[in-house]
Amino acid sequence: MDDDWFLSKFVARPVLSSQCGGNEWIFPDVPSDLIIEVDGGSFALHKFPLVSQSGRIRKLVAELQDSDILRFQLLNLPGGAEAFELAAKFCYNINFEITPSNVAQLCCVSEYLEMTDEYAKENLASRAEAYLDGVICKSLEKCVEVLCYCEKLIPLAEELRIVSRCIDAIASIACTEQIASSFSRLEYSSSGRLHTNKHPKSCSREWWIEDLSGLGLDMYHKVISALRYRGLHPESIGASLMNYAQKVLTKKSSIWNLNSQRKIDFIGSVECEQIELVETITSLLPVEKLAVPISFLFGLLRSAVTLECAIACRVDLERRIASQLDMATLDDLLIPLCRYSGDTVFDVDTVQRILVNFLQKDDSTDDLDDVSFCESDGPPSPSETAVFKVSRLVDAYLAEIAPDANLKLPKFMAIAEALPAHTRTQDDGLYRAIDIYLKAHPGLSDLERKKLCKLIDFQKLSPEAGAHAAQNERLPVQSVVQVLYFEQLRLRNALFSAHADEDQKSFYQSQRISSGALSAAMSPRDNYASLRRENRELKLELARLRMRLNDLEKDHACMKHDIERTSSNKFLSSLSSKFSKLSPFGNSSSTRSTSSSRRS
């Protein structure tokens, strides 16, 4: 059957219009003997046309046959007065057009009025069913349109399988489109083998995604579930979910806009609809990783936090985000607390839970990663790279939230301690964040500042960061001593490396001279003069390094003398014990270093 057959059958002449209670489209010269009330409207009709087509009206007329003019009311008629008017026109043999906008109403009203082939050949029920199967179910757009009208006809539309047939048709058409698209990407390589082109010329998303965005949430849920059951690509389902969520959420409120104000006034009913929407979209997300971008997951999480969705919804989103946290940006982690009252500006607890899930995921998949990557030819393991990326991201996040005056020290330290120390190759980012926090919270006690600065591995600071930390008055004295100690070690290492370079250079020079390569180009006197000049330059560089080292030792001795003079006996004893643990700066060490330098 094709569309032309149905149009010729149901559009025999122009469509006539009528109003409830009017007789423009019935026999004007025959008085009515039947009055039917539907949704507050009255229809003055005749018994014979309706009784011959409708089993329900036949039974009602038989019960009231004693009256000359019958009057009764049809309660809960699906489609209301509009649907009944179409059914009445059909009984009067007035042709009208069956369309996607009224076919669901006709199927339901024909079922309600019992207008089946049992009472008349090719009755309204059979004609509407034929149009539904022959025209609607062959077009995805028409199926979507019918589903939109079915939302007001539930549950009868489900009992008549109108909804299920349209959903099955949508899933079948979408999967067929997917298979056709896969075949279109097949091409032959230069060796003559057939392979799939992963980068087709036209990367436009599926055309049906935009059509599904017009469905209500309940119908959309059923369609996506059917698409998943049919095996549609997770990326296609993810793209549809993104399109639907962004359109509906931005239409209903401004919480999807990240630049909107934090305080949003919600109307109760609208808020409930938004909560249901976020929870439903979250439950429909594909289980496959990377099916949706992480920015979309963070958008859903922001909405879930703002609307105070169910805990299960938020936990699910946090776990999904943790599985691909290395792809997140700093803006993604900045989740505002829209309903805060004297609390932090950003939701720190949620970020902490995400980090915990990320580390648990990394630990639980270590064995699987080892097996899979040993069998593959790719890089050894992406987990290490992912952890390093996340560590830099966390340090940037700490620096961003540090100026918040309401951010308590335990929360700040919980984020900083969430990642193990070995995940940071350099502690410059952590030092910067802690310095900002100390500056924004001058009321911290000495014990709290010491506890916070213990998180920094001063040995991992760059020379620039170490120079800044050595002059930072906000750091505790113990931390400054550690910085100076590691700076001294760095200088000593540089000095030793300079000695090694000098010996190695002299060795290479002697090798070249002994081989005769230089003797052919210059005289022995020139060779000797060149060697003496290089030795003088090396000695000058060595002397400069020693002078710098002596200056640092003098500064350290002066600082230690000042501390001993101004501190109490108790503080002096504890500080000296700290000094003995932190650095070997004693008289014996100084004497040994001085004597060794003289011997050299």
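This report covers the confidence of a predicted model and then some of its helices and strands.

## Confidence

Across the protein, pLDDT averages 77, and 69% of the residues reach 70 or more. Helix α5 (residues 103-112) has the highest confidence, at a mean of 96. The lowest is found in helix α27 (residues 587-599), where the mean is 40.

Residues 1-23 have a pLDDT that stays under 50, and the model gives them 41 contacts beyond four places in sequence. The stretch of residues 367-382 is also below 50, with 5 contacts in the model beyond near neighbours in sequence. Where pLDDT is low, the predicted coordinates should not be read in detail.

## Strands β1 and β3

Strand β1 (residues 34-38) and strand β3 run parallel and are joined by 4 bridges. In this pairing, I36 stands opposite F72 of β3.

The side chains of β3 (residues 70-73) alternate along the strand.

## Helix α7

Which residues of helix α7 (residues 140-150) are buried? They are L140, C143, V144, V146, L147 and C150. These residues lie on the same side of α7, because they cover an arc of only 160 degrees around the axis.

## Helix α15

Helix α15 (residues 311-322) has 12 residues, so at 1.5 Å a residue it should span 16 Å. The C-alpha atoms at its ends are 16 Å apart, which agrees. Its buried residues are C313, L317, E318, R320, I321 and A322.

Key. Residues numbered from 1 in each chain as written. Predicted model: local features only at pLDDT ≥ 70, side-chain atom pairs only at ≥ 80, totals over all residues. Heavy atoms only, no water. Helix = DSSP H or I, 4+ residues; strand = E, 2+ residues; numbered from the N terminus. Expected span 1.5 Å × (residues − 1). Buried < 20%, exposed > 50% of the residue type's maximum accessible area, 1.4 Å probe, protein only. Arc of directions from axis to C-beta. Pairing = 2+ DSSP bridges. pLDDT = per-residue confidence, 0-100. Contact = heavy atoms within 4.5 Å.
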